[in-house]
Every structure is written in C-alpha cells, then in structure tokens.
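Please find below some notes on the two-chain model. They are set out as numbered points, to be read beside the coordinates.

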Amino acid sequence: MIFEGLADKLQQTFKKLRGRGKLTESDVNDAMREVRMALLEADVNFKVVKDFINRVKERAVGQEVLDSLTPGQHVIKIVNDELTALMGGTQSRIMISSKPPTVVMLVGLQGAGKTTTAGKLAGLLLKQNKRPLLVAADVYRPAAIKQLQVVGEKVGVPVFTIPGSQDPVLIAKQATDQALAMARDVVIIDTAGRLHINDELMDELVAIKIQAKPHEILLVVDAMTGQDAVTVAESFNTKLGLDGVILTKLDGDARGGAALSIKAVTGCPIKFAGMGEKFDALEPFHPDRMASRILGMGDMLSLIEKAQATIDFEKAKELEQKLRKDEFTLDQFLEQLQQVKKLGPLEDILGMIPGMGNLKKLQDAKIDEKEFKKVEAIIQSMTKKERRNPNLINGSRRKRIAVGSGTRVQDVNRLLKQFYEAKKMMKRLNEMQKSGKKSNFKLPFMR
Amino acid sequence: MNLFNELKKGLEKTRKGFTEKIEQLVSFSTKIDEEFLEELEAVLIYADVGLRTTEKIMNNVRQGVKDKKINSPADIKPFLKSEISSLLGRDLIRTKISGLPTVILVVGVNGVGKTTTIGKLGQYYQRFGYKIMFAAADTFRAAAGEQLEIWAQRVNADIIRHEEGSDPAAVAYDALQAAKSRNTDILIIDTAGRLHTKSNLMEELKKIYRIISREISEAPHETLLVLDATTGQNAMNQAQLFSQAANVSGVVLTKLDGTAKGGVIVAIKSELEIPVKWIGIGEKADDLRPFQPNEFVEALFDDK
C-alpha cells in the first residue's frame, strides 16, 4: 500500500492537540483535510467526498471528545460511523420470486468479472438448495460462451445458450422457458461487457430486460475502479434501473472507494463481494468493514472473524498473558506460527491489520509454507533455555543450531530477526488494545 | 476520418471531463485566487491524475502565478498543456523488433483486456508482414486459450497451447522453442490475470519471466503491463508490484474511450517512470494504437 493509514495521519495532525474538551472548528478542519486526502486516494468520487466532508464537519464541530479517546480517534469514530451509515445495511441475498423462475441479470463494463461472478453466484444459490441455470448471452467476446460453459461445469450448473446465435435478446428470452422445462428455479443471465457510453449496446440491454423480465439487475463493478465508477453506475442505473451491485476483486489491495461512490449516487445496495479466484469466493458485503478499508484502517473485523474460526482459544489466552508480561518466547512464536498457518496466507492476514498494510516492511516477516518447515526445524534445534531467552543465541550457538536443523546460519539469523519483528508487532497490537478500550479492534488472543 | 480525429474522438470523454472543465472554470473566473486554484486541483484529481502528481502540477501552477507566467485564468490552459506535455515526454518509444524472435510478455490483473490486447497487437504487427506467434500461457481462466486461438486465426498467427490448468512456464518454454525453430519474428506471450497482491501468483510470473530470459538472454524484449483506464489509484500499486516481478517496460492502457479519466496516463508516467506505449480507444482491432505523447496532448487540448 502506497498510502499509510488514515489513523496514523490523524494521530500526527492531532499531536499538538493535548488534553480533552470540545473539538473546535480548526481541529476539525485540519482533520478533514486528511480525511479528504484518504478518501480521494481510495478513489472515492470527488463530489461524494465533498458532500461527505461537509456532513462530517457539521456533526463533529463542538462535540465533546469521549474520555477514552484521543481527539484523533474521536474524529475517526465520527467519520467511520458516517461512512458506515452511508454504505447502508447488508442485503446480501437475491430476492427469490414466488413464481419461478427468478431471473437475475448481470451487467457491467468489460473485464469487471461478470462471467466469473455468474459462476460464483450459481454456486452460492446451489448451496441454498436452489437450482440455478446459467445463461450465456455474451455473443461478442471470443470464447465468452465457452468460458461460461467451463465455469458451469466446474460449479455443476447447466448452461443455456443458442449455439451460433448472434442474438443475445433471443437467448435471454428463451432462457426462461428453458428453465421451466428443465425445472430450474433461478436464471442467471451473463451479458456481454459494454461501455456505458455505447448507446447501441446499452439499448440491447434494455431489449434483454424487456424480454427476460429480470427480477434483479445487478451491476458487476471492479473494486479498483477510479473516479469514473459514479458515471458508470449512474448510466447503467438510469438506463436499466439497478437492484444491486456486486463488487469484484476485493481480494486485491484496492481501497475500494468506488463502493462508496456507487452507493452514494445510485442508492443501490452492494450485495456481494468477490474475494478470490475460486468459485466459492463470493461473500456477503459488509458495509462497516468496507468503511474501515476505504479509510485505510484495515479490515480488522474480517481478520477477527477468520481468526476466531481457526485459533485455539485456550492457547491464545495463554499467549496473551505471556505477552502482557513481555515473555514472548520462541516457543510461543512457533506455536503462533502454527496457528497462523491455519489462517491462510500470512500476507493476506497482515494486510488486514491497521498500520500493517505496508508490505515492504513485512517482507521479513513473510512466511511461506516451505519456509515454515525450516523455521520449525530451527526452533526445535534450540535448547529449551535458548528458546526461552533468544538473547543467549550467540555466534557459536547459531552455528550449532544451523547444523542441527540442516539449515544455514543466515537462516537462523533471519528467523531471529523475524522473531523480534513479530515481538514488536505483538507489542504494538497490545498497546493498541490498551489505548482504545472502546474500540472493536480486538484479536482473540488479545482479550 | 484521419488518425488524429479518430484519436480525438476516442479521447472525447477525457476531453469532456478534463479540458472542458478547465475551460468552464476559466470562463467563469475573473482572477486567479485560492478558490480558482482549489477548483483546478479538483479537476485534476477528478481526472484520476492522482494526488501526488496533482500536487506536483499545482505547485508549478502556484510558482507560475508567482513568476507572473500565469497572469489571468486564460493562461492556465496553455500552461497545463506544457506541464502535462513535459511530464509525459514527447516521443513515442516503439518496441524494437529485432532478433529472432522478439519476445513480448503481457501481464496484468484480471479483466484488463490482456488477451484482446494481444489479438490487436497481432493485427498491428501482421500488417507489416511479420511472422507472429501467440503463446497461451493463461492456463487458468476458463476458455482463455480458446479466446486467444480465435484471435490467432483472425490475424493469421501461430499459437502454442497446452491443456487448461497446465504449467504456464512450460507453455512459454515450448513457445520459445517453437518460435526459434519456425523463425518467428514476434512472439507474444499471454499470461493469466493475477492480482498483484497474490504472492504465489506473482512467483509463478517470476518463474515464467526466468524461463524466458534463460532461453533467450535479452528476452523478454518488452514486458507490457495492461492497465484498465477506468482503474483508479490502484494502478500505481499494480505497476509497482508487476515491475518487481517481471520488469515492466511499458504500459498498455485499455478502454480509454470509456472513461473521462485519462489522467492516469500522466500519473503513471510521472510517478512510476514507466512509459505508456499503447492506448486502446475503441473496440475495433486498429483502435489499439501506439501512444504518441505529443499527439495525445494535442488531441486533449485541441480547441476545434
């Protein structure tokens, strides 16, 4: 991430501001400058930012700063609340029509990820005991229909198309009858990607809409979209009347300001988020998490959820106790690594932690699966005493450990460096936890 | 319609979102004050020029005002034109077609238009009578190989394909051998879309790159990063991480006709020092064209 978190920036802005009391207009103005930059860096639409800043200003000036918070944290809280409110509630489902089949139509620009999303959506519906039918109506891009057929095969959902047909309207029209004949209850129409400024192709979508009578028209949007997201969403909305949005490629490091812009301008709920290449990687959209992400505060909640599902609580508690006493040893380091390994790729996890987004700093703390075995071997080649007190490990001990674990001294050095990094990181998290008692940012092993 | 007018047409949205906004601002302002400058800053950010580059340009504008180079709002347009022109550099940097084969590696995140770009590149080079080969090293996305195959037929290129799910580095290896033995002039290697944050996929890309340069030492002669013009500031992250993995030498900016935000071109060049080499301004095969900075600036600021 090029831009460091808003939290850090605001801390700096408020450094000179000590004590408590009311937030004055100039405090708020200073803070809003940073918030504005953060939002713009996150690709939130310019006009949306302007309105938003004005609203927050109004709310923030003159407010008492909560006892437990620094002025910076207090402003962030207001900003975060407002952002979450603006994002709206969760509505992560497809409205199923009482009279089958329910028809869902996916639209969007080229490359937004419609075909992949169609497959994911079909997979999701399948899990909810629905019987979806995928409809390939992208007759333009070479091999697009073939792509959907392969996708359909992978998720185990039939794909309807009219071979050789160049008429997406006809395909969409016949799809409903086909669904009834095959006893499928949800029809997902994958349309060709098109530019919102291409009138001819936009009219084609309207024709498809008239013929297929979709219950839901969902706009598929790339989370990396810039300032233009608003124009795109607006055009599709005016032309077709959207029912919702699916945000794709959220597993990247885009801050995803587009989500906010689209919500603000169209009022359409964002229903799902595409989180990966696999076909089960379509997740419900969480407005609150998105707010933190746009602000560059990391996606703590997702991390916590992930961690809670995998981390052994007793062990975590124990670890936390030791951390409190600053007794983090190599034994715990290993234990922790073993737990973290269960969580999945470490860089994904670290990216979710506020202030840890800077990947460059993390290069040293990065662990891949192969490395992990090495680390295990190295730590197990240490004596108990060494594990408890790594400061003991001098040159000759390092040599012995390297020989014992079948690694090189450099590897041992690197591991020790990683260990100290981790120790620092744990400390930082620990301090964060202490300073912001009211915050929701809690790791299971921090409670 | 001549080429320049076509370019202008393709940039119409950007002109509307950028040049015309500036013109409006100029016509409504009588003097240059803080409000004027703030509005100008807004126009730049709105065009996806990016915060850092906007800051750079705005500093120069303020300096220009101080030095009396800018005296009235009307002076802003020519000033910006020369600013942007100097940020972009003047000349087109072509891919040198030399040695047999010249290898072009095409990389980028998902959905930016890599395969389509390769098809159009093939079309472009075919007109000069080059012998072209495509390598379908996107073995991941469903039907990516088929898509490239259709393009290969259209532009009369050879194609090397493996099974879906096979090792992309092996496809690249086979293609390199085939290109050498068949005296191919240009080998264009397609890769799977990958998010720049997925380290395992970036490792895979590094491996492809290694194999290519092991087989032909100067290769790849060009690594093109395909960026979607509708992408916002994340383009910077993409460029940085792909450069680390595959030594990106140029950018292809696609879908420029659909966005009002061509400003990202300026940001890429000025913040990353990677030249934009191709721009896509339409759906037709010859709507992918070499990016000529001076022509681009002229088309963007052209009054008529």
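**Notes on the model**

1. Strand 6 of chain A (residues 244–248) is mostly covered, with five of its five residues buried. Buried here means under 20% relative accessible area, exposed means over 50%, and partly exposed is in between, using a 1.4 Å probe and protein chains only. Helices (H or I, at least four residues) and strands (E, at least two) are DSSP runs numbered from the N terminus.

2. On provenance: this is a predicted model, in which local features need pLDDT of at least 70 and side-chain atom pairs count only at pLDDT 80 or more, while totals for chains, interfaces and linings use all residues. Residues are numbered from 1 along each chain as its sequence is written, chains are lettered from A and ligands numbered from 1 in the order in which they are written, and side-chain values use heavy atoms, with hydrogens and water left out.

3. Which residues of strand 6 of chain A point one way, and which the other? A:Gly244, A:Ile246 and A:Thr248 point one way, A:Val245 and A:Leu247 point the other way, and all are buried. In a regular strand the side chains alternate between the two faces of the sheet.

4. The partner strand to check is strand 5 of chain A (residues 216–222), which pairs with strand 6 of chain A in the parallel sense over five bridges. Two strands are taken to pair if DSSP finds at least two bridges between them. Within this pairing, A:Leu218 stands opposite A:Gly244 of strand 6.

5. Chain A as a whole has 20 helices and eight strands. Of its 447 residues, 53% are buried. For contacts in chain A with a separation of 6 or more, 75% are between residues 24 or more positions apart. Contact means heavy atoms within 4.5 Å.

6. Chain B has twelve helices and eight strands. Buried residues make up 61% of its 304 residues. Among the contacts in chain B between residues at least 6 apart in sequence, 76% join residues at least 24 apart.

7. Four salt bridges are counted between chain B and chain A. A salt bridge is a side-chain nitrogen of Lys or Arg within 4 Å of a carboxyl oxygen of Asp or Glu. The side chains of A:Asp251 and B:Lys198 meet in a salt bridge, at 2.7 Å from N to O.

8. A:Tyr420 belongs to helix 20 of chain A (residues 409–435) and is partly exposed, with a relative accessible area of 33%. Leaving aside neighbours within four places in sequence, A:Tyr420 is in contact with A:Pro390 and A:Asn391. The side chains of A:Tyr420 and A:Asn391 are joined by a polar contact of 2.9 Å.

9. Two cis peptide bonds deserve a look. One joins A:Pro100 and A:Pro101, with omega about -5 degrees; A:Pro101 is in the loop between helix 4 (71–87) and strand 1 (102–107) of chain A. Another runs from B:Ala219 to B:Pro220, with omega near -10 degrees, and B:Pro220 is in the loop between helix 9 and strand 5 (222–228) of chain B.

10. A:Ala143 has a positive phi of about 65 degrees although it is not a glycine, and counts as buried at 12% relative accessibility. B:Asn183, also not a glycine, has a positive phi of about 55 degrees and is partly exposed at 48%. Most residues other than glycine have a negative phi, and most peptide bonds are trans.

Terms used: A polar contact is a pair of N or O atoms within 3.5 Å; within protein, one must be able to donate a hydrogen and the other to accept it, and residues adjacent in sequence count only if both atoms are side-chain atoms.
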